[in-house]
Amino acid sequence: MRSAVAPWTNLTQPSVHRIIDTLLDAQWLTLGDPVIHGRGKPSPSLKLNADARYAIGVSVNTDSIAFGICDFSCKIVYEEMLEMPPTHRRDTLFALKERLRALLASHGIAHQKIAGMGFSMAGFFVGPDRRFNSPELLRDWSLVDLRRELETMFDLPIWTENNGTTGAIGESAVGVGRDYATFGYLSFNYGFGGGIVLDGKPFFGAFGNAGELSRVYTLQEEASRPALGELLKRLETGGISIANIRELRQRFDPFWPPVAEWVKEVSPALNRAIDMLRAVIDPEAIVFGGELPRALGELLLAVPPSPSFPRYGVEAPYPHRMLSAIEADPAILGAALIPLMDRYFAWSLPRSGL
């Protein structure tokens with residue numbers, strides 16, 4: 001309600017009322033159910049008008065492309081995975097454009113209500129125009145001016161981001177971020193990366209590559225990272241043929257013989273990534289996310305932490321380790337939130353009502 005807003009600002013009550021009335025007239029806000037606050041007649045609550053603006057979030061992994069539509073209350077209202085591998089960039093983008101066009105028309109969402117598109121993909125950024133340098137399976141998407149291409153094709157403002165960071169943003173919005181303001185996000189995909197949330201806000205880094213955890217491993221150690229692509233190779237060697245990460249999530253069996261051996265092999269690299277996050281950002285929590293099969297996540301959570309060295313018999317605090325609670329791809333929500341956060345919310349998630 002109006003009276004609850006003023007204490008959050010440095011404005012007078014009359015000024016707050018005028019601004020709120022303007023936002024109501026412009027349909028950025030709507031009135032909700034009455035709220036009893038002290039004596040007198042209950043006042044109507046204020047809510048964001050979920051229909052005021054929308055944003056599109058796209059997540060490209062090595063074997064799949066998925067997208068979602070997020071409304072102005074920062075909720076995903078539709079999510080879909082295209083039934084095609086993203087091997088060829090142009091073919092994939094044209095298919096995405098046609099599907100989005102049909103979907104927006106069927107939902108009655110006008111183009112002018114789209115705030116923009118957040119586009120996330122595996123890989124790190126290079127150059128002043130932030131070109132993705134992605135895994136081999138996404139070679140066709142690498143080292144091209146993807147943002148300009150997307151802006152031309154979709155006629156929308158475009159934000160590009162690593163899917164480890166967008167996964168962390170999604171987790172901050174609807175997952176562990178509701179309980180922990182500072183956490184590290186481990187993104188288990190075909191490769192292995194991560195994202196960082198500090199005091200409730202994502203940290204991108206000077207070049208957009210904050211959380212690029214695989215950079216701490218040498219070339220000799222790369223095969224022993226906790227990257228799911230490496231697990232696929234071990235399974236193939238063990239006589240278990242899994243075509244891609246999507247099939248791994250669908251069929252994963254923790255009792256496959258190569259699994260326990262792989263978990264043991266990657267444990268030192270996993271702990272090194274966690275220890276690095278502990279040393280640099282001192283997180284409250286470490287989230288195991290990305291495309292990690294839940295049963296595999298339980299095995300990795302059971303890996304003992306690195307040996308500690310107490311000083312005067314007292315150890316430094318250790319962050320809570322936990323699996324992501326988000327069933328779908330959190331990178332979709334995180335990518336969709338970026339245009340809304342950047343344009344309207346100054347990277348503070350809006351409250352549901354006042």
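This is a predicted model: local features need pLDDT of at least 70, side-chain atom pairs count only at pLDDT 80 or more; totals for chains, interfaces and linings use all residues.

Start with β4, residues 65–71, and β5, residues 76–81. These strands are antiparallel, joined by 5 bridges. Together β4 and β5 make a hairpin, with 4 residues between them. In that turn, C74 has a positive phi of about 70°.

Next, the open sheet. Its 5 strands run in the order β12-β11-β10-β13-β14, and the pairing is mixed. Which strands are at the edges? Those are β12, 201–202, and β14, 320–323, each pairing on one side only. On the β14 side, β13, residues 285–290, runs parallel to β14, with 4 bridges joining them. There, V287 has M322 of β14 as its bridge partner. Packed on this sheet is helix α8, residues 257–281, which touches β10, β11, β13 and β14. The direction of α8 makes about 155° with that of β10.

Last, the helix pair. Helix α6, residues 228–237, packs with α8 at an angle of about 140°, and the axes are 10 Å apart. Angles over 145 degrees would count as roughly antiparallel, so α6 and α8 are oblique to each other. The crossing is right-handed. From α6, the contact uses L228, E230, L231, R234 and L235; from α8, P258, V259, W262 and E265. By class, that is 6 nonpolar, 3 charged and no polar residues.

Note on methods. Residues are numbered from 1 along each chain as its sequence is written. Side-chain values use heavy atoms; hydrogens and water are left out. Two strands pair if DSSP finds at least two bridges between them. Helices (H or I, at least four residues) and strands (E, at least two) are DSSP runs, numbered from the N terminus. Contact means heavy atoms within 4.5 Å. Axes are lines fitted to C-alpha atoms, for helices over the stretch in contact, and angles run from 0 to 180 degrees between N-to-C directions. Angles under 35 degrees count as roughly parallel, over 145 as roughly antiparallel, 65 to 115 as roughly perpendicular and the rest as oblique. A crossing is left-handed if the near helix is turned anticlockwise from the far one by less than a right angle, and right-handed if clockwise. Ala, Val, Leu, Ile, Met, Phe, Trp, Tyr, Cys and Pro count as nonpolar, Asp, Glu, Lys and Arg as charged, and the others, Gly among them, as polar.
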